[in-house]
Amino acid sequence: MDRQENTANADEQSNSVTRAKGGIKTLPCILANDMCEKLAMVGFVKNMVNYFTDQLHMPITKAANTVTNFNGTQSLTPLVGAFIADSYAGKFLTIAVATIIYILGMSILTLSAAMPRLRPPPCGGNQVCKEADGGQETILYVSLILAAIGAGGIKPCVAPFGADQFIDEDPRKQSNKTSVYFNWYYFTMEASGLIAVTVLVYVQDNIGWGWGLGIPTILMALSIIPFVIGYPLYRNLAPAGSPYMRLLQVAIAAFKKRKASMVSDPRLLYVNEELDASISADGSLHHTKQLRFLDKAAIVTEEDIIKSSNKPNLWKLNTVHRVEELKCVIRLLPIWAVGILFSTASVQQNTFSIQQGKTMDRNLTKSFKIPSASMSIFTTLFNLFTIAVYDRLFVPLARKYTGHHQGINQLHRMAIGLFLAILATLIAGFVEMNRKHAALTNSKHPLSIFWLVPQYSLHGISEGFHSVARVQFFYDQAPESMRSTCSALFWTAIAAGNYMSTLLVSLVHKYSAGADGSNWLPNKNLNKGKLENFYWLLTILQLLNFVYFLLCTKFYTFKTLGSEKIEHEELREEAVELGIVS
């Protein structure tokens, strides 16, 4: 008994030391790194289509697809980075190494933009422009791949690493803390994006791409210094081995026992707190009634009768906690899929919306023209405004009516964002009709670029609702040991959305081509196309996506944490006799 008390006291002291670390003092060191990554990535991505068409002389559709392919790749690599962080390296080391790789990629990209021989010669007027040759494109793609790999280690780890600094023993308090944290995490990211789409885009268009890419590269190199210096302050959670292996073990164990009879009471399923200690520091996952066929992985058969001191064969028998880990991930996947079309619609701001802006009246004064890529400033401004108003005004007001500690739950917040995104795409189609009509009827007086403000603004508001909620949702609903992996789902949905955009653009460009050379998405002149039809196709797809999301929310079960206790002594005695409880 004394030995158990000493062990408990030692564990409590260890936990108190661990929890003494972290807190708000760590955020400047952590967020500085992610802000610089956002500054560099947004500053390039928002204007990338112009760089490809103006500097490398790519056709519009090829440039648009290159942008979405890159966005897709740099949003897909987080799945690999998250796996490395959760399984082997931990979040801190993954972020540090990824930052170095990112800096290398950005340095090569800066050199390719600054050195004339690394890009095709300039052209103007009616001159036929020469596209980049194989060597020049190779250098470009190598730099982009390195940047994508670096982003893969930063994106999925920084947000959960920051949230780890606010872990609380009370799940309710932790939920409130992480809700506020994710609102302001996203706010700082959008603030850095605001600088990117204003200052950096202006530098790129008016001073040069060498400086426009060199500035964020230098800032990125500087950001790693405070991040490393802050190491003694961080609350570092040790990696708990491959999460994918644990999920696979549960699936195989459930398949092997598919013919086993289900237990009459879920409290008779296998529990081993010592075995799960490294992956359940915040509490064991409660058993849920959904996906009950997976519970068979935790049924103890005569073959599984083991001594309490022995570790079970995890390919045949798993604990309730490990079974619930797999259930958590499976429940997240339908919600993850919703983000694909949301991202597909949003990414058009970086491609066709910018090309629209280039054909419009961009004069702010007689001597100053607004860069078309800087129109995304309205997305960022309205995103920042939405996040601030949501946290300070909407949540306290909604709390009075709903009684929910966060005002509304994350799924409701995501639904509002999805609906606003549909409106943004619908409006974009009507604006394109007006833009094209003005260009064809009076080419000397094109439509003002400020007609694009409504679609950009609505996208910003929708992201303030949907994207922030989705980041927090994946963190909160993830198993403790898989937070980086599940946070990567946010980025993989963006990746899939970009690839979906590439597919849609390619299919529409192919099948909308007419015998007379007409096309919804022409290679050179948008005035000869029907871009509005493409926007309305996206609107219809988003409506179907919204209905699908509502169905998902109806059947979703939120995870709950707590120690697994057996209330009735008879059940406990029976469980011990069967070897179910160690």
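# Close-up views of a predicted chain

**View 1. Helix H9 is mostly covered, with 22 of its 27 residues buried.** Buried denotes a relative accessible area under 20%, exposed one over 50%, and partly exposed the range in between, computed with a 1.4 Å probe on protein chains only. The model is a predicted one, in which local features need pLDDT of at least 70 and side-chain atom pairs count only at pLDDT 80 or more, while totals for chains, interfaces and linings use all residues. Residues are numbered from 1 along each chain as its sequence is written, and side-chain values use heavy atoms, with hydrogens and water left out. H9 covers residues 320–346 and reaches 40 Å from its first C-alpha to its last, close to the 39 Å expected at 1.5 Å a residue; the expected span is 1.5 Å times one less than the number of residues. At Leu333, shortly before the proline Pro334, H9 has a kink of about 30°. This bend is the angle between axes fitted to the seven residues ending at a position and the seven starting there.

**View 2. The chain holds 16 helices and zero strands.** Of the 582 residues in the chain, 56% are buried. Among contacts (heavy atoms within 4.5 Å) with a separation of 6 or more, 84% join residues 24 or more positions apart.

**View 3. Phe52 and Tyr102 have the most contacts inside the largest nonpolar core, a set of 110 residues.** Helix H2 (residues 27–55) gives the most to this core, with 13 residues. A nonpolar core consists of buried Ala, Val, Leu, Ile, Met, Phe, Trp, Tyr and Cys residues joined through side-chain atoms within 4.5 Å. Beyond its neighbours within four places in sequence, Phe52 is in contact with His57, Met58, Ala63, Thr66, Val67, Leu140 and Leu144. Another core, of 11 residues, lies apart from the largest one and includes Phe352, Leu504, Leu526 and Leu531.

**View 4. Gly43 lies in helix H2.** With a relative accessibility of 1%, Gly43 counts as buried. Not counting residues up to four places away in sequence, Gly43 touches Lys38, Ala196, Leu200, Val201 and Gln204. Gly43 and Pro216 are 173 residues apart in sequence, yet 8.1 Å apart in space from C-alpha to C-alpha.

**View 5. Phe161 and Tyr234 form an edge-to-face aromatic pair, at 5.1 Å centre to centre and 75° between the planes.** Phe161 belongs to helix H5 (residues 134–164) and Tyr234 to the loop between helix H7 (209–229) and helix H8 (243–256), so the pair ties together parts that are 73 residues apart in sequence. Rings of Phe, Tyr and Trp (its six-membered ring) pair if their centres lie within 6.5 Å; planes under 30 degrees apart count as stacked, over 60 as edge-to-face, and the rest as tilted. Phe161 is buried at 1% relative accessible area, and Tyr234 is buried at 1%. Ring pairs link Phe92, Phe161, Phe227, Tyr231 and Tyr234 into a cluster.

**View 6. The charged end of Arg258 sits over the ring of Phe255, 4.2 Å from its centre.** A charge sits over a ring if NZ of Lys or CZ of Arg is within 6 Å of the ring centre and within 35 degrees of the ring normal. Arg413 likewise lies over the face of Tyr390, at 3.6 Å from the ring centre.

Definitions and conventions: Helix = DSSP H or I, 4+ residues; strand = E, 2+ residues; numbered from the N terminus.
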